[in-house]
Amino acid sequence: MAFLVLRDVVKTFGAQAAVRGVSFEAEVGEFIVFVGPSGCGKSTLLRIIAGLEELSDGSVFIDGQDVTNIAPAERRVSMVFQSYALYPHMSVFQNMAFGLEMVRMPRVEIDRKVRETAQILQIESLLDRKPKQLSGGQRQRVAIGRAIVRSPKLFLFDEPLSNLDAELRTQMRVEIAKLHRSLGVTMVYVTHDQVEAMTLADRIVVLRDGLVEQVGSPSDLYDSPANTFVAGFIGSPKMNFFAGRVASVDGEGIALASSSLVDGKGRIAVRDASDLKPGDPVTFGIRPASFEIDDRKPLVEITADVMENLGGETQIYGKNTAGDQVVWLAQGRPNIEVGGKLRLGASNVYLFDSSGRSL
Amino acid sequence: MDRRIGRLLHIAGLVVVVVVTLFPFYWMVSSSFKAQTDLLANPPQWLFAPTLANYQAVYADGVLLGAVANSLIVAVFATILSVAFGAPAAYALARYSFRGKSDLWFWFISNRMITPVALALPIYIISRSVGLLDTYQVLVLVYITFNLPIVVWICTDQFKGIPHELEQAARLDGASQWTIFRRIYLPLGMPGVAVSAIFSFIFSWNELLYALVLINKTERKTAAVVATNYMSGYELPWGKIMATGTIIVLPVIVFSLIVSRHMVRGLTMGATK
């Protein structure tokens with residue numbers, strides 16, 4: 001049995017279902033990220049694993065033990081809250097020692113463990129301070145320190161970086177990744193930020209409306225999204241989607257008919273076109289970074305609207321003939337003027353059926 | 001310019017409030033040190049030769065100090081027990097959802113809506129039949145019933161303001177319900193607990209009706225009851241009345257000053273965000 005197992009987990013609040021049957025497994029030492037838009041049930045799922053939320057149905061196993069009806073403390077999990085939830089009337093030392101006192105660890109050992117942990121997180125000099133005397137980043141470190149000092153089997157992070165500014169967020173992200181490597185403990189991390197998900201995760205669980213949309217490694221999700229939702233959610237800027245119809249199918253791919261395409265038609269390669277027949281409605285997607293200027297075999301033609309110079313890259317917004325908003329992430333600073341017409345080819349095109357499922 | 005006028009008005013308003021609230025108090029204390037002639041002088045004597053004669057007279061009566069001790073015993077026990085029962089009840093009301101919670105809450109508060117005099121006779125009869133008349137216990141019990149609503153009301157509100165995540169973090173840390181209450185809620189809710197303790201103490205200290213009805217033995221009478229003794233007879237010994245008043249007020253002030261140390265705002269700062 002895997003280290004962490006969720007089996008048909010359901011959670012309802014009154015008539016509202018927050019989690020509608022999630023099953024999922026994680027191995028020891030894995031870094032799992034739950035990602036999804038707000039209200040998708042990712043935080044609820046995390047709190048279910050922690051034991052802070054009772055299940056409406058299903059079961060949870062940690063390390064081979066059914067913990068569905070077991071108190072949070074006995075699950076040996078630690079959680080870092082979005083709001084940090086430090087005890088404001090206690091010093092940093094006391095905050096970190098609290099959990100150890102609860103298991104009646106001898107004073108000397110508590111002292112040693114807290115100082116050891118503080119050293120790892122470089123907060124030794126803060127041990128005597130109260131939370132209100134700390135900066136956001138320092139509070140974050142203390143919150144993490146409080147979680148790791150208890151040597152839990154499983155770490156849970158609930159959007160831990162969302163209150164930090166951009167620079168600190170990047171820095172803490174790297175530190176959490178390092179921490180995961182050095183501790184080798186299983187971590188479950190909730191975020192709505194797909195960059196955090198992509199950079200931290202061994203595997204990402206994409207959630208929507210209380211259901212799992214796809215589970216896979218960051219590259220899996222990026223390269224082969226299961227549906228339009230995952231394709232749109234993973235990757236920044238968001239994938240461009242266009243509507244079209246299958247014109248014809250042959251061994252190497254399909255011909256598309258779409259008002260979004262140059263001359264209303266184009267050819268794309270498809271792994272398995274056996275389910276398709278001419279006339280089927282489809283959605284095709286192109287990542288902003290896979291566009292390139294191509295006058296010979298262009299797919300779409302756009303009129304440049306807004307240009308954002310990001311330094312090393314330029315983000316170009318435009319509209320095609322069908323009126324779709326199109327984003328192109330170009331390398332460097334291409335010489336383009338507002339109002340200029342651009343003919344773009346694409347190195348990679350994703351195809352989805354009418355229900356949004358990947359083809 | 002406008003800001004300076006605003007500031008001036010602000011200060012003037014504060015001075016008015018301070019004078020209005022403190023003047024009677026000043027008048028009582030200063031009168032207690034006046035001789036009878038200075039006391040009755042018209043216009044009032046602002047400067048006078050202070051005398052301890054009134055206090056000596058009160059001491060010579062020999063009743064008041066014992067009565068203050070009685071009041072202290074009753075008020076301290078009533079306050080401690082009210083907070084000891086009320087604060088955990090408030091924690092439960094603030095944090096748990098259970099059937100009948102709002103009814104329970106209303107029941108607590110509605111206890112305070114009853115006019116005390118309506119219950120005086122029933123309580124007298126009950127106390128007599130269980131043999132509690134002329135005891136400290138009966139007053140402590142009665143005062144607890146009057147204090148509990150206040151304690152529960154103030155503390156519930158205070159505890160509700162403590163972020164939920166702190167309780168959840170403590171649960172994950174392995175803290176029991178009682179530990180969470182004692183180590184998280186009580187210290188963080190201290191301002192509310194302190195306010196409710198002060199209210200309880202003041203109420204128990206000043207209560208007159210039940211102390212008058214339920215205690216007959218002179219040596220068990222509380223200070224508030226003894227203070228009314230002067231109202232009988234043909235003379236009004238103002239100096240002794242003022243000295244008695246000053247002595248009675250003193251413990252309340254001392255208690256409030258000690259407890260108000262805990263009435264600090266912003267205790268939960270730094271908990272979240």
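Residues are numbered from 1 along each chain as its sequence is written, while chains are lettered from A and ligands numbered from 1 in the order in which they are written. In this predicted model, local features need pLDDT of at least 70, side-chain atom pairs count only at pLDDT 80 or more, and totals for chains, interfaces and linings use all residues.

## The two chains

Start with the secondary structure. Helices (H or I, at least four residues) and strands (E, at least two) are DSSP runs, numbered from the N terminus. Chain A has 8 helices and 20 strands. Chain B has 13 helices and 0 strands.

Two more terms are needed here. A residue is buried if 20 or more other C-beta atoms lie within 10 Å of its own, exposed if 12 or fewer, and partly exposed in between; C-beta atoms are placed from the backbone. Two residues are in contact if their C-beta atoms, placed from the backbone, lie within 7 Å.

| Chain | Residues | Buried | C-alpha extent along principal axes | Contacts at least 24 apart, among those at least 6 apart in sequence |
|---|---|---|---|---|
| A | 359 residues | 41% | about 75 × 45 × 35 Å | 64% |
| B | 273 residues | 32% | roughly 70 × 70 × 30 Å | 83% |

Which residues form helix α13 of chain B? It covers residues 238-260. The expected span of a helix is 1.5 Å times one less than its number of residues.

Helix α13(B) has a kink of about 25° at B:Val249.

Part of α13(B) is buried. The buried residues are B:Gly239, B:Lys240, B:Ile241, B:Met242, B:Ala243, B:Thr244 and B:Ile248. They pack against α1 (2-32), α2 (36-40), α3 (53-61), α4 (64-95) and α12 (223-227) of chain B.

Now take helix α10 of chain B, residues 190-206. Its 17 residues reach 24 Å from first C-alpha to last, close to the 24 Å expected. Its buried residues include B:Gly192, B:Val193, B:Phe201 and B:Trp205. What do the buried residues of α10(B) pack against? They pack against α4, α7, α9 (177-188) and α13 of chain B.

## A sheet in chain A

Chain A holds an open sheet of 5 strands. The strand order is β15-β19-β16-β17-β18, with antiparallel pairing. Two strands pair if DSSP finds at least two bridges between them. Strands β15 (291-293) and β18 (325-331) stand at the edges with a single partner strand each, so one side of each has no neighbour in the sheet. The twist averages 50° from one strand to the next. For that angle, axes are lines fitted to C-alpha atoms, and angles run from 0 to 180 degrees between N-to-C directions.

Look inside the sheet. Strand β16 (residues 300-309) and strand β19 (residues 341-346) of chain A run antiparallel and are joined by 4 bridges. A:Ile302 has A:Leu342 in β19(A) as its bridge partner.

## The nonpolar core

A nonpolar core is a set of buried Ala, Val, Leu, Ile, Met, Phe, Trp, Tyr and Cys residues joined through C-beta atoms within 7 Å. The largest one has 154 residues, and A:Val33 and A:Leu156 have the most contacts inside it. Helix α7 (residues 136-160) of chain B gives the most to this core, with 15 residues.

What touches A:Val33, leaving aside its neighbours within four places in sequence? Its contacts are A:Tyr189, A:Thr191, A:Ala197, A:Leu200, A:Ala201, A:Ile204 and A:Val205.

## Backbone details in the loops

The peptide bond between A:Ser236 and A:Pro237 is cis, with omega about -5°. A:Pro237 sits in the loop between α8 (228-233) and β11 (240-250) of chain A. In chain B, the bond from B:Asn42 to B:Pro43 is cis too, with omega near 0°. B:Pro43 lies in the loop between α2 and α3.

Two residues other than glycine have positive phi. For A:Gln122, phi is near 55°. This residue is in the loop between α3 (107-120) and α4 (136-148) of chain A. A:Gln122 is exposed, with 12 other C-beta atoms within 10 Å. For A:Asp263, phi is about 65°. A:Asp263 lies in the loop between β12 (253-257) and β13 (265-269) of chain A. It counts as exposed, with 8 C-beta neighbours inside 10 Å.

Terms used
Bend = angle between axes of the 7 residues up to and from the residue.
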